[in-house]
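Open the model in your viewer and keep the selection tool at hand. The stops below say what to select next and what is there.

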Amino acid sequence: MPRISTLGVHESVADVFPSTVFRDALADAGPSISVVGADDDLSACDALVTFAYEDRFLDAGLDWIHSIQAGVDRFPFDALRERGIALTNSTGIHGDVVGETAVGLMLSFARRLHAHRSNQERGEWIKPAWDDAFPLRRESACVVGLGTLGRGIATRAAALGMDVTGVKRTPTPVDGVDAVYPPEDLHDAIADARFVALAVPLTDDTESMLSTPEFEAMREDAYLINVARGPVVDQSALVDALDSGAVAGAGLDVFETEPLPAVSSLWDREEVIVTPHAAGFNDEYYERVATIVRENLRRKREGESLTNRVV
């Protein structure tokens, strides 16, 4: 396993944190580190840290690519394997902040915080109806996907007194989760939950896993929380479910098309909270990614297998 002499930091990481801040965080990690742009030659780089994917990565002579996100569905796995390029990701670093975001969305719906904020922007003093707000302690949440993100949601929901169930491929017990269902029992799992929170990766099996039949299986007063990937939800089916009252609302951090198009009706619904794929954003993001990259640089030097390796 060759050592890394030059590490490129692709300018696309600036969508999440300053590329120069990340470069400086790794200044003492060993290799030469440079920020590279869309027009820069990558042939001098042995490895690349990136947010975006470009086809030219395949023919740049790279030995290793690291994605600053956990989701790597944008990368062509087969083509990377054919060229012997390792791909690692940043899974495992966002359980706390994504969990806080998901439960924050639940709190917003329960305590009507989103409605109050909208009223404030209009300069309106409007109290909620007597039965609009509710305490989370008596409610239930089903977390679909119990990896790092899902466990982050589950533990925080349980800490607020909620009854928590979950769905995972291997339905083994998970701390803080009262019952774990296999994917084939998804409808049973979500049927009684006030909140259905999605925390699964995007794969062939999970694409559009929530569509019309699933929304029909949910309670009419249930809220969908999606901090996974946009295509996990059939967005047109969700709009239909909101229109028909099959579900009460949705807190959405991810969408089929991003940015969410201005013409989308999701922007204008009081019972939909839209956030810009920012559930994982925090001021430690660059440090968390740098920790993984630093460890893999060490492993490269020692001839060990890479952590968080996807390809």
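A salt bridge here is a side-chain nitrogen of Lys or Arg within 4 Å of a carboxyl oxygen of Asp or Glu. This is a predicted model, in which local features need pLDDT of at least 70 and side-chain atom pairs count only at pLDDT 80 or more, while totals for chains, interfaces and linings use all residues. Residues are numbered from 1 along each chain as its sequence is written, and side-chain values use heavy atoms, with hydrogens and water left out.

Start with arginine 298 and glutamate 304. Their side chains form a salt bridge, 3.0 Å from N to O. Arginine 298 is partly exposed at 28% relative accessibility, and glutamate 304 is partly exposed at 32% (buried means under 20% relative accessible area, exposed over 50%, partly exposed in between, with a 1.4 Å probe and protein chains only).

Next, select arginine 299 and glutamate 295, another salt bridge, at 2.8 Å from N to O. The two are about one helical turn apart, because they are 4 residues apart in helix α9 (helices are DSSP runs of H or I of at least four residues, strands are runs of E of at least two, and both are numbered from the N terminus).

Move to arginine 269 and aspartate 243, a salt bridge whose closest N and O atoms are 2.9 Å apart. This pair links distant parts of the chain: arginine 269 is in the loop between β11 and β12, aspartate 243 is in helix α8 (residues 235–244), and they are 26 residues apart. Aspartate 243 is exposed, at 52% relative accessible area.

How many salt bridges does the structure hold? There are 21. For a network of them, select Arg138, Glu139, Arg194, Arg219 and Asp221.

Now select lysine 168, in the loop between β7 (163–167) and β8 (179–181). Lysine 168 is buried yet has no salt bridge, and the nearest side chain of opposite charge, aspartate 175, is 11 Å away.

Two backbone stops follow. Arginine 112 has a positive phi of about 65° although it is not a glycine; look for it in the loop between α3 (95–111) and α4 (113–121). Arginine 112 is buried, at 7% relative accessible area. Then select glutamate 258 and proline 259, which are joined by a cis peptide bond with omega about -5°. Proline 259 sits in the loop between β11 (249–252) and β12 (272–274).

Terms used: Lys and Arg count as positive and Asp and Glu as negative; His and the chain ends are not counted.
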